[in-house]
Amino acid sequence: MSAFSAHDHAHMARALQLAERGAFTTHPNPMVGCVVADGARVLGEGWHQRAGEPHAEVHALRAAGERARGATAYVTLEPCAHHGRTPPCADALVAAGVTRVVAACRDPFDQVAGQGFAKLAAAGIDVEFGLMEAAARRINRGFFSRIERGRPWVRVKLAMSLDGRTALENGESKWITSDAARADVMRWRARAGAIMTGIGTVLADDPRLTVRLPEGEEFVPPLRVVLDERGRLPAASALLTDGAAPTLAVHGDDIVPDYGDEVSAFAVRRLGPGLDLAAVLSQLGQRGVNELQVEAGATLSGALMAAGLVDELLVYIAPVLLGDRGRPLLAGLTPATMAERIGLKLLETRQVGPDLRLLLERA
C-alpha cells in the first residue's frame, strides 16, 4: 500500500468531520462521511444523514456531478456492496467514474466485509484503506461493537460530588451538577441507540429518560430500557405515560408481568441478585442498539463494571461536597489488593459550566 499524501489526510479528516454530523440521526446505521476530490480541490462532499436514506457517497457524488470522473473518493467506511434500503454505494462510485477510493476502514457487516472493496477493484478502481482508521473506528465504536462483539458499546453516565458521592444519605440527588452539565448529557443521550436504567431508579426518581435538545435539532429518540427483574414497573411511571420515546422492560424469566400495551418486554435468566447483564446486552445488540447509555444507581452501574461490561465512563464532577454519609459512585466493587483495582484511561477532560466532565475507558 502506498504512503498517503498530505491531501489524502486532509480530505479524510474532513470526511470524518462530516460523518459526525449524523451522530444523532443515523443509528442503527454507522456514521459515514465522504469527500470527492481532485488533488487539493474538493469537488463534492456528503454524509449519511438518516437511516434508510442515501449514503454519504451518493450525496458527495451528486454534489460533484460529472467532475467526479477521474477523481478520488475519500470515505470513512468501506462502501456497501449490497441492496438494503438503498442501492450499493460501490455501484454508484463505479458509475460515477472515480478512479481511486480511499477508505478509513473495512465494514465488518457480513453483507459488506470486503465485498465493497472487491467490487470496486473488479471495476479497475484503485482501492486503498487504513487512512485514519483508529479515528474512524472511534466515531463508530458502537456500530463496530454491535457487529464484532454482538453487543452495544456501553457508556455509563455518572454525576458525583468532589468527594465521590452521588446523593445524600437519604437519596436526594437533585441536582448535584449544573444546568450546563445536564444539557450536555442530552447530547450524549441523543447519540445513543438506547438509555438504560434500573427499577430502583425508576421507583425513586421516576425519570423520563428522553432527549431534550434546542428546537430544530433533529434526533432519533433512543429506546428507553428498564431492568425490572420482578415486574414492578408502575403503570403511572413516566416511562409508560410519556410517549416521547419507546420503552422496553427486561424482566426475569421466571415471571410473566403485565405491562399493558405501552411497553415491549423480554425475559432473561436471573444471575445472582439481578439479571444476566451479558444476555441483556446481547438482546439489545440484536435489536440494533449500537451505543447504550446507562443512567442508573450505584447498584446497576457497579454490577456492569464488576462484570467487565462497561466500555466507557462519562463522569461529571461538581465542585460540591456531600460528606462521608453520601451514597457511593459504584456499589459492589471490592478489590482486596491494589493489584485488583480497576484501571481507567482518561480520554478527555472538559469544563462544562462549573462542573468537570471526564471521559474514560477501561485501561
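Helices (H or I, at least four residues) and strands (E, at least two) on this tour are DSSP runs, numbered from the N terminus. The model is predicted, so to speak of local features takes pLDDT of at least 70 and side-chain atom pairs count only at pLDDT 80 or more, while totals for chains, interfaces and linings use all residues. Residues are numbered from 1 along each chain as its sequence is written, and side-chain values use heavy atoms, with hydrogens and water left out.

**Stop 1: Arg212.** Select arginine 212, in the loop between helix H8 (199-205) and strand S9 (223-227). At 41% relative accessibility it is partly exposed, a label that sits between buried (under 20% relative accessible area) and exposed (over 50%), using a 1.4 Å probe and protein chains only. Leaving aside residues up to four places away in sequence, Arg212 touches Met186 and Arg189; contact means heavy atoms within 4.5 Å. Now show the side chain of Thr210: a polar contact of 2.6 Å links it to the side chain of Arg212. Such a contact is a pair of N or O atoms within 3.5 Å; within protein, one must be able to donate a hydrogen and the other to accept it, and residues adjacent in sequence count only if both atoms are side-chain atoms.

**Stop 2: the UniProt picks.** Select Ser173, Arg189, Leu209, Arg212 and Glu295, which UniProt lists under "binding site" (unreviewed entry). UniProt positions follow the numbering used here, feature names are shortened, and annotations may be inferred rather than shown by experiment. Go to Glu295, in the loop between strand S14 (291-294) and H11. Is glutamate 295 buried or exposed? At 10% relative accessibility, Glu295 is buried. Its contacts, again beyond four places in sequence, include Lys157, Arg189 and Leu209.

Stop 3: UniProt has another "binding site" (unreviewed entry) set, with Trp175 and Ala298 among its positions. Ala298 is in helix H11 (residues 298-306) and is buried at 18%. Trp175, in the loop between strand S7 (165-167) and helix H7 (179-191), is exposed at 55%.

**Stop 4: strand S15.** Select residues 312-318: seven of the seven residues of S15 are buried, so the strand is largely enclosed by the rest of the structure. In a regular strand, side chains alternate between the two faces of the sheet. Here Glu312, Leu314, Tyr316 and Ala318 are on one side, with Leu313, Val315 and Ile317 on the other. Val156 stands opposite Leu313. Finish with S18 (residues 355-362), antiparallel to S15 with six bridges, where Leu356 stands opposite Ile317.

How values were computed
Two strands pair if DSSP finds at least two bridges between them.
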